[in-house]
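Please look over the structure below with its ligand site and its aromatic rings in mind.

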Amino acid sequence: MSYVNYLEAHAGGTELPSPLVLPDGKRISSAAMWESRRRELRQTFADFMFGEIPPPPQKITLELRRERTDALDGTAIRREIRIHLENDGKRFFFDMLWYIPKNLSAPCPAIVGLNFPGNPATTDDPDVFENDPAKLKEHALERGVQRERWCFKEMIARGFSMATAARDDLFFDGRDGRRESVYSLFHSPEELTEENRSLTAISAWAWGCIRLREILAADPLIDEKRIWVHGHSRLGKTALWASANDEKFAGCVSNDSGCCGAAPSRRNFGETLHVITHAFPWWFQKKLDLYAEKPAELPFDQNALLALTAPRPLLVASATEDLWADPYGEFLSTAAADDVWKLYGLGFNGTPEFPLPETPAFGKALGYYLRTGKHAVTATDWKMVTEFIKANS
Ligand code: GTR
């Protein structure tokens, strides 16, 4: 199949395998049983889709390059930190931009996530350091152009600390990205070839999210139990995978994560496994290619990836015009992950219906909403995220 389908009548794949059903057909019926099933499923996702997230390096040194206490019109502390990492004598670094609300009376919650075009593009602050030119090869955008994707000022006003780093700092988003990626801390240059598909970009990026969480968690201004991971699109796939692997994330927000994120692989709607494995082979394990034409033979679907965050809170967000990411499919997977939250007495009240735009379907610790508009992160998204997090903390 190389055409793209946007007709619901041709989409199929509305029945997704339940993460609660074991390969031998037995059904999980308790939270205790889910714990071991969860480990098994995580491993299956690593083997078939995302590879393993590399370990923490032996040594991390934080270089505070600059701290301002009057950022975002005097509402925030801003820290720009270069994170130096060392492993077996090999070195690597990446840059973090971190905002913290001022005058806190108690440690605050935080949201971490990666950005696409580099830290200066995420903020209105005119003086944020440029990303290292050797790392950010072709995606650098003008300062502030993606400020709405982050809404730092608004989120600071709502009491959240926010931290981000550029995906290309960790793994340049292209075929030969592996060579200068975080994997260079753990592998010899000969192993960092285009063919070595077990070392995926998504796991490298998820590794970066986990490092950001650890750094925030070590700071007394931050409540280490309330650090969320957020991601948009390919970085939404990344956020889901980071949350699946690091249970210290308080919860996860998947924004328009689409194919191999929240959207079911079994549906033929918008982007498919065929398309994604051909366009972005460095994101995934080679094994996924085997299923490009037969997604129904995968031993899981993306509702199981969502379930790997349970019982922690998960919000899945879609946009009406983002058909490439299959908004209805993202809803179907969310609804088909609900059984796992139910094991913990959480989830939706009854069976959720596909909601109208701007009408959140929020259950306990599991939520979905559809925003009017395009593939993006907007101020409306951040309002929904705030509402969901506040209801689930
Ligand atoms: C698209 C890709 C999607 C999505 C998106 C993005 O080109 O096909 O899977 O991840 O990029 O990251 O913006």
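The report below takes up the ligand site and then the aromatic rings.

## Ligand surroundings

In this predicted model, the ligand is surrounded by Phe116, Ser233, Arg234, Lys237, Glu271, Ile276, Phe280, Trp283, Trp324 and His375. By class, these shell residues divide into five nonpolar, two polar and three charged.

Oxygen atoms of the ligand lie 2.9 Å from a side-chain N or O atom of lysine 237, 2.9 Å from one of tryptophan 324 and 3.3 Å from one of histidine 375. Taken alone the ligand would expose 320 Å², and the protein buries 82% of that area.

## Aromatic pairs

The structure holds 24 aromatic pairs. One of them joins phenylalanine 94 and tryptophan 207 in a tilted arrangement, with 6.3 Å from centre to centre and 50 degrees between the planes; phenylalanine 94 belongs to strand 3 and tryptophan 207 to helix 5, 113 residues apart, and both residues are buried.

Tryptophan 228 and phenylalanine 388 form an edge-to-face pair, with centres 6.2 Å apart and planes at 85 degrees. Because tryptophan 228 lies in strand 6 and phenylalanine 388 in helix 11, this pair ties together parts 160 residues apart in sequence. Tryptophan 228 counts as buried at 1% relative accessibility, and phenylalanine 388 is buried at 0%.

## Ring cluster and charges over rings

Ring pairs also link a cluster whose members include Phe48, Trp241, Phe280, Trp283 and Tyr291; Phe280 and Trp283 are also among the residues surrounding the ligand.

The charged end of lysine 287 sits over the ring of phenylalanine 48, 4.1 Å from its centre, while that of arginine 149 sits over the ring of phenylalanine 116, 5.6 Å from its centre.

Methods: Residues numbered from 1 in each chain as written. Predicted model: local features only at pLDDT ≥ 70, side-chain atom pairs only at ≥ 80, totals over all residues. Heavy atoms only, no water. Near = heavy atom within 4 Å. Polar contact = N/O pair within 3.5 Å; in protein donor to acceptor, adjacent residues only side chain to side chain. Areas by Shrake-Rupley, 256 points an atom, 1.4 Å probe, with all protein chains shown as cover. Nonpolar A, V, L, I, M, F, W, Y, C, P; charged D, E, K, R; others polar. Phe/Tyr/Trp six-rings, centres within 6.5 Å; stacked < 30°, edge-to-face > 60°. Helix = DSSP H or I, 4+ residues; strand = E, 2+ residues; numbered from the N terminus. Buried < 20%, exposed > 50% of the residue type's maximum accessible area, 1.4 Å probe, protein only. Lys NZ or Arg CZ within 6 Å of the ring centre and 35° of its normal.
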